[in-house]
Amino acid sequence: MKRTLLALLLVSAAASAGAQGICQGIAARCEQHIAANYIPDGQFYRALLQGDEVAEFGLTLFGGTTYRVAACSGDTDGNLIFSVYDTAKERNLLFTNKDHRNAPYWDLAIASTLDVVVEATLDPSKAGSGCAVMLIGFKR
């Protein structure tokens, strides 16, 4: 019984380390979309997605600030769809890069402070599974 538990722990740790390695390369590539005139918020928003799974990240965006949202998955740009919703009960869509051919980054100018939910999902025509990485920076 102890051997089985130990083996499961080792397999789990190896899978986790492998996932971290996959996500790390994507994160490094995604950082290139946060230009020098943007300051990263210091967070790496990551999720392993499969099929139509959706990752959600909650954020507070402050009024008078321009944010750059960069979203990456896989070896090339355009594999990840991200959508920004307000937190109202009916969750209104504020922006989606799907309307812009899955642009790998977008600048959002925020007029007044609001809480949002950013959803990320893989484009099913380009990827069936993978690591989704989002980075957010604010303009200097």
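## Two disulfides

A disulfide joins Cys23 to Cys131, with 1.9 Å from S to S. The term covers a pair of cysteine sulfur atoms within 2.5 Å. By this rule there are two disulfides. The model is predicted: local features need pLDDT of at least 70, side-chain atom pairs count only at pLDDT 80 or more, and totals for chains, interfaces and linings use all residues. Residues are numbered from 1 along each chain as its sequence is written, and side-chain values use heavy atoms, with hydrogens and water left out.

The torsion about the S-S bond of Cys23 and Cys131 is about 115°, so this disulfide is right-handed. The pair links distant parts of the chain. Cys23 sits in helix α1 (residues 2-31) and Cys131 in strand β9 (residues 129-139), 108 residues apart. Helices (H or I, at least four residues) and strands (E, at least two) are DSSP runs, numbered from the N terminus. Cys23 is buried at 5% relative accessible area. Cys131 is buried too, at 1%. Buried means under 20% relative accessible area, exposed over 50%, and partly exposed in between (1.4 Å probe, protein chains only).

## The second link

Cys30 and Cys72 form a disulfide, with their sulfur atoms 2.4 Å apart. Cys30 lies in helix α1 and Cys72 in strand β4 (residues 65-72), so the pair ties together parts that are 42 residues apart in sequence. The angle about the S-S bond is 85°, and the link of Cys30 and Cys72 is right-handed.

Cys30 counts as buried, at 0% relative accessibility. Cys72 is buried as well, at 1%. Number the bonded cysteines of the protein in sequence order, and the pairing reads 1-4, 2-3.

## Nonpolar cores

The largest nonpolar core has 23 residues. Such a core is a set of buried Ala, Val, Leu, Ile, Met, Phe, Trp, Tyr and Cys residues joined through side-chain atoms within 4.5 Å. Leu49, Leu59, Leu80, Phe82, Val84, Val118 and Met134 touch the most other members. Two or more residues each come from β2 (45-50), β3 (55-61), β4, β5 (80-86), β7 (105-110), β8 (114-122) and β9. Another core lies apart from it, with eleven residues, among them Cys23, Ile26, Cys131 and Val133.

Take Leu49 as an example. Leaving aside its neighbours within four places in sequence, Leu49 is in contact (heavy atoms within 4.5 Å) with residues including Val54, Ala55, Leu80, Ala120 and Leu122.

## Salt bridges

The count comes to four salt bridges. Each is a side-chain nitrogen of Lys or Arg within 4 Å of a carboxyl oxygen of Asp or Glu. Glu56, Arg91 and Glu119 are linked in a network of them. Glu56 pairs with Arg91, the closest N and O atoms being 3.0 Å apart. Glu56 lies in strand β3 and Arg91 in the loop between β5 and β6 (93-96), so parts 35 residues apart in sequence are tied together. Glu119 also meets Arg91, at 2.8 Å from N to O. Glu119 lies in strand β8, 28 residues from Arg91 in sequence. Glu56 is partly exposed at 48% relative accessibility, and Arg91 is partly exposed at 29%. Glu119 counts as buried, at 18%.

Asp107 and Arg68 form another salt bridge, at 2.6 Å from N to O. Asp107 is in strand β7 and Arg68 in strand β4, 39 residues apart. Asp107 is partly exposed at 32% relative accessibility, whereas Arg68 is buried at 10%.
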